[in-house]
Amino acid sequence: MKATIVYALISTPEDFYLEENLISLYSLRIHDKSSKVVLLTDEPTACHIKSHCVNIMDYVNELRVVNVPKEYNNTERSRYLKTNLPKFIEGDFLFIDGDTVIAENLDEIESYEGDICQVADGNGKLILEENSRTESLFKMLNWGSCVGRPFFNSGFMYVRNNERTRRVYEQWYKRWQESKCDKNCQDQPPYVKACLDTNIMVTRIPDVWNCQIRAHGFYCIGEAKVIHPFAGLSDSLFLIYEKSVMDEIRKNGFVSKEIIEMINHPRIAFKRNILVLDHSEKVFLDSFFHAFFRNHFQLFVKINSFFIWIYNIIHK
């Protein structure tokens, strides 16, 4: 790949972001041993890397330490790196979130036209609607309306580094600063606003480039080039992201043949007890009635038995 592949990492010993990023880099190098890879970070994370995971340097060409505003917390530090990438990278680049696993060579991404290439957020509907959370945020910030605008996922972005895209990033950082507060540190709604401000056209690419398995992306897992699990450890259906795996990587590095086998075959690295639901079933599972059923199971059984008894009497 001619473009530089970029990761942005902020991590401490209290989280597993470093281990997740190491998995992504390891999987990337299985399929691409020659592309230039830059890992952006801050000084505290660089120290954390040197003391806990120095072998990450086996998979990157450069660890680039950035001066991040000291007043930012760790989440804000990560957003600062992400929304200012053209300042730190020369030429075109492919940005990849650290909580990903690469399943194929990614060179083909350079064949797509456009200044920026991305996948729809959640692998779902691309266009924002009136009742979206992003529209509510726009109204709260007096940004006008975003209804009818595309909503892309920022975890995988191929960017041609030119004057147009640099303006987008300048606006992205500005709008993120306007929107961030204690309860909101999202980067994607400010990105929507930045694209509106600059009138840039983003190229939508197939979902396989950023298969978001905890959203609507499971349908394309068989052809996924990048698997994006969203870093859920406590209830992870993705075996590579189980806490025991992260603990082993933190302690020993890539020593387990089982872990290496899962990373080599990420499209099938899932727990056996996965239940596939349609939309109506998902709505029920998220409802008050399902919560009531789970908390009062025996009562529900008795009520259900009563209604079955009534039904059988009526239909005799």
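**Cysteines and the mixed sheet**

In this predicted model, the sulfur of Cys146 lies 12 Å from the closest cysteine sulfur, that of Cys195, which is too far for a bond. Cys146 is also buried, with a relative accessibility of 0% (buried means under 20% relative accessible area, exposed over 50% and partly exposed in between, with a 1.4 Å probe and protein chains only). For Cys211, the closest cysteine sulfur belongs to Cys220 at 3.8 Å, again too far for a bond, and Cys211 is likewise buried at 0%. The structure accordingly holds 0 disulfides, a disulfide being a pair of cysteine sulfur atoms within 2.5 Å.

Residues are numbered from 1 along each chain as its sequence is written. Local features need pLDDT of at least 70 and side-chain atom pairs count only at pLDDT 80 or more, while totals for chains, interfaces and linings use all residues, and side-chain values use heavy atoms, with hydrogens and water left out.

An open sheet is formed by 7 strands in the order 3-2-1-4-7-6-8, with mixed pairing; strands (E, at least two residues) and helices (H or I, at least four) are DSSP runs numbered from the N terminus, and two strands pair if DSSP finds at least two bridges between them. Strand 3 (62–65) and strand 8 (203–204) stand at the edges with a single partner strand each, so one side of each is left without a neighbour in the sheet. Strand 4 (residues 93–96) and strand 7 (residues 156–159) run antiparallel and are joined by 4 bridges, and Phe93 has Val159 of strand 7 as its bridge partner. Helix 6 (residues 163–179) packs on the sheet, touching strand 4, strand 6 (116–118) and strand 7, where contact means heavy atoms within 4.5 Å.

Technical notes. Axes fitted to C-alpha atoms, helices over the stretch in contact; angles between N-to-C directions.
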